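Dear colleague,

Please find below the structure that I am handing over to you. My notes on what was found in it follow directly after.

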Amino acid sequence: MVTATIWFVDLTSGRIWSEVLDEATYRRYPGGSALAVYLLLQHMVSGAQPLSPDNVLVFAVSPLTGLPISGQSRVIISARSPLTGGIGDSQGGGFFPAQMRAAGADALVFLGKAAEPVYFSLENGQAKLHRAEHLWGKNTGEVEEMIREELGDSKIQVAQIGPAGERMVRYAAVINNSNRANGRTGMGAVMGSKNLKAVAVRGTQYPKPQLEKEFKDLVKRGRTLLDENQGMQYFGKYGTAGLVEVQNARGGLPTRNWSSGYFDSALNLSGEKLYDTYLKERDSCYACMIRCKRVVDIPDRVDSRYGGPEYETIAAFGSYCGIDDLEAVSEASARCNAYGLDTISTGATIAWAMDCVEKGLLKDDGLGLKFGNAAAMLQTIERIARREGIGDLLAEGSRLAAQRLGAEAMELTSEVKGNELPAHMPQLKRSLALIYAVNPFGADHESSEHDGALSAGPGTLERQHLLELGIQDTLSAQDLSPAKVKFAYYTQMFYSLLDTLGLCQFVWGPSWQLYGPADTQELVRAATGWETSLWELMRVGERRLNLLRAFNAREGIGREADTLPKKLFKPLLGGGPTEGLKIEREEFQRALEVYYQMAGWDVSTGYPTKAKLQELDLGWVGEFTDH
Ligand code: SF4
C-alpha cells in the first residue's frame, strides 16, 4: 500500500496532527504540486488574502522522494502567492526533501498564524513547535547552525526564511541548506506572514522501492546513459551556468532589462569562466550523480556555504543589469541565499528600476542605479531585503512598483501575472510565449520543453524521448503553428507530471535529459508497485495543471491574465542575431486560442470546462469554475 502521511500544523492554536491519505486518492494526486494544490483547495477558503492567516502553506514531496536514484529529491512549496495573487508554486532540491520523507511526512500543511515567531520540527515522526524570537532577523546560514545546535543533530535539514521573508518581500524565497531555493512566487513572504521562521526535518526511515530489482536496473542504466550522454556530462561539469555563452551566441540572453538578447561581454559571465576561477567544488542533491550545483568561494565576498550562481541568477544580476562582473554576480547570489530572496525576481526588478532611473521615472536614493553599476546593484539587494528606502518599493515586485509609478514604468516591466521573466526569451523560443502566458503562476521556464528539442535528428536520444510522447515534428524555434502548440501542451503535461512526482527536470525529461518518459513510467512502477502507463501519468500532469487553473478560477483569475509584457511585441535592440526580432501579436493570439481548445478550457474565460474536469476525475472542483 502506498499512502501519504499529511501533517497539519495550526499555528494559531499550536495544535499538530497527522492524517493518512488513502492510496486511491494519492494515486490521483501523487505528491508535489498536485498534492499541494489538492490540499489547498480542500483547506483554504476562497478569497483568503495571500499574507493573511487564512492563507494555507503546503510543503509536499512524492512517493519517489528519498529513493536512492538521481534527480528525486525535490520539494514543492505552494500557497496563494503574494506576488501574483493566484496560485503560488515553487520547486527546490537539495537534501531537505529526502530528509522530510525519511522523517515521516509526505506533506506539511501550515494553517493560521503564530502569535510570536516559531519554527517547526519533525524528527522521525515526532513533531513540535519551538520559539524562534532569537532567530528572527538572522541570516539563513546562522539560523541553520543555531537550529542544528539546539536540536543536537548536525544532519538536520532546515528550510527557512531570511530577513526578506520576515519583512514579506513579495518574492521572498524559502532556502534550505543555506543554498537551495524554493525561489519563485513569494512563498517566503507567506511563511513570514505566519511568523514561521523555519521547518527542520530529520529522519532515518528512508523509503524502499516496492520492486527492488526493477529499481536497481533503472539506477544501473542511469550510469550507462550518463557515460553515453556528452551533453549531460557538460551540464554536470559547468552546471546551468554553462548556458550563458550558448544563449548569448543565439541572441537569447536577456540584456539591459530585456531590451536586447545579446550581451557583448557575456564571456566574462560564462560557466567556463566560473569553473576556471571561483568554483570551489561541485555539489549535489540527495543521491544524484550529476552534481550540477556550484559552490563558489571568494574570500571576503562570497561564503561558500551560500553555494554559487545558476544560469538564471547570472543572467538576472549580470546581463539583465548590464553587469559583467562575475564576482559581483556571485556575491549577489550569496546575499539572496543569506537573506532569502528569489534571484530571478530580485535581479529583474533591479534591472527594471535601472531602466526607470535612466529614463527619469524613478529616484534612486543616490545609489547611482544605472545599467552596469555593480555596487549599486548589491546595495539595492540590501535595501530590498530590509525594505529600506527605495527597497520598500522594489520589495513589491516590478508590477506593483510600476503601477505606482504610472504607464511609462509599466511599459518597461518584464513579467507575467506579476512573476518576473526567467532568462529564456520567447522571441527566440516561440513556444515559451504561450507557456509564459498561460502558466497559472506566471512566467516559468521549467513548465515545458524548449523549442530547440524539435531540431533533434532521427535516431537521437532527444528524438526517441519526444516520440514516446507522440511528438514527431521537426519545427523551427520561431514556429508558432498548431503543431508547435501541441508540442508545448504535451511537454507541459509531462513537466507538470515531473513537478508532481518531484523529479528534477535536468535528469528526467522529454528530450536531452538522462532518463526519458518511458523510464519515468518504469520508475513510478518500481517505486510504488502500481501497474501504471504513460497515459495515466500524462493525465496526472494534466490533472495538476487543471487544478492550478481551477485554483485561479476560484479567485476570478482567467484568460485576461494570460498576457505577455508589451515589450515582447517590440523589436529587440542592441545587436546580435536576434536584433529586430519580436513576437507577432496576431500569431500569439491565434496560438492562445488553439491552446485553450486543445487543453479543454473555455476560450472566453480561460477556465477549465466542466467536461474537462470530469474527464480528469475533478468533478468536485467544477463549482469553482462555474462563474
Ligand atoms: S541534476 Fe543537479 S539539480 Fe538536479 S538533482 Fe542532480 S544535482 Fe540536483
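**The first sheet**

Leucine 57 has phenylalanine 110 of strand E6 standing opposite. The model is a predicted one, in which local features need pLDDT of at least 70 and side-chain atom pairs count only at pLDDT 80 or more, while totals for chains, interfaces and linings use all residues. Residues are numbered from 1 along each chain as its sequence is written.

Helices (H or I, at least four residues) and strands (E, at least two) are DSSP runs, numbered from the N terminus. Two strands are said to pair if DSSP finds at least two bridges between them. As background, strands of a sheet pair through backbone hydrogen bonds, either parallel or antiparallel.

Strand E3 (residues 57–60) runs antiparallel to E6, and 4 bridges join them. E3 also pairs with strand E4 (residues 75–80) in the antiparallel sense, over 3 bridges. There, valine 58 has serine 78 in E4 as its bridge partner. E1 and E6, by contrast, pair in the parallel sense over 5 bridges, and tryptophan 7 stands opposite leucine 108 in E6.

These pairings belong to an open sheet of 6 strands in the order E2-E1-E6-E3-E4-E5, with mixed pairing. Its edge strands are E2 and strand E5 (87–92), each of which pairs on one side only. Neighbouring strands of this sheet are turned by 20 degrees against each other on average, direction ignored. Axes here are lines fitted to C-alpha atoms, for helices over the stretch in contact, and angles run from 0 to 180 degrees between N-to-C directions.

Strand E6 (residues 107–111) is mostly covered, as 4 of its 5 residues are buried. A residue is buried if 20 or more other C-beta atoms lie within 10 Å of its own, exposed if 12 or fewer, and partly exposed in between, with C-beta atoms placed from the backbone.

Arginine 15 lies in the loop between strand E1 (4–10) and strand E2 (16–21). Arginine 15 counts as exposed because it has 12 C-beta neighbours inside 10 Å. From C-alpha to C-alpha, arginine 15 and tryptophan 601 are 40 Å apart in space, and they are 586 residues apart in sequence.

Strand E7 (residues 118–123) pairs with E8 in the antiparallel sense over 6 bridges, and leucine 122 stands opposite alanine 127 in E8.

Residues are in contact if their C-beta atoms, placed from the backbone, lie within 7 Å.

Helix H14 (residues 374–386) has 13 residues and reaches 19 Å from its first C-alpha to its last, close to the 18 Å expected at 1.5 Å a residue. That expected span is 1.5 Å times one less than the number of residues. The buried residues of H14 include Ala376, Met377 and Leu378. Among the elements covering the buried residues of H14 are helix H12 (326–339) and helix H13 (343–358). Arginine 387 follows H14, and its phi is positive, near 50 degrees.

Asparagine 229 is in the loop between helix H7 (212–228) and helix H8 (230–238). With 16 C-beta neighbours inside 10 Å, asparagine 229 counts as partly exposed. Asparagine 229 touches Leu461 and Leu514, not counting residues up to four places away in sequence. Asparagine 229 and leucine 514 are 285 residues apart in sequence, yet 7.4 Å apart in space, C-alpha to C-alpha.

**The chain as a whole**

The protein chain has 25 helices and 16 strands. Of its 627 residues, 61% are buried. Its C-alpha atoms fill a box of roughly 60 × 60 × 55 Å, taken along the principal axes.

Yours sincerely

Terms used. Contact = placed C-beta atoms within 7 Å.
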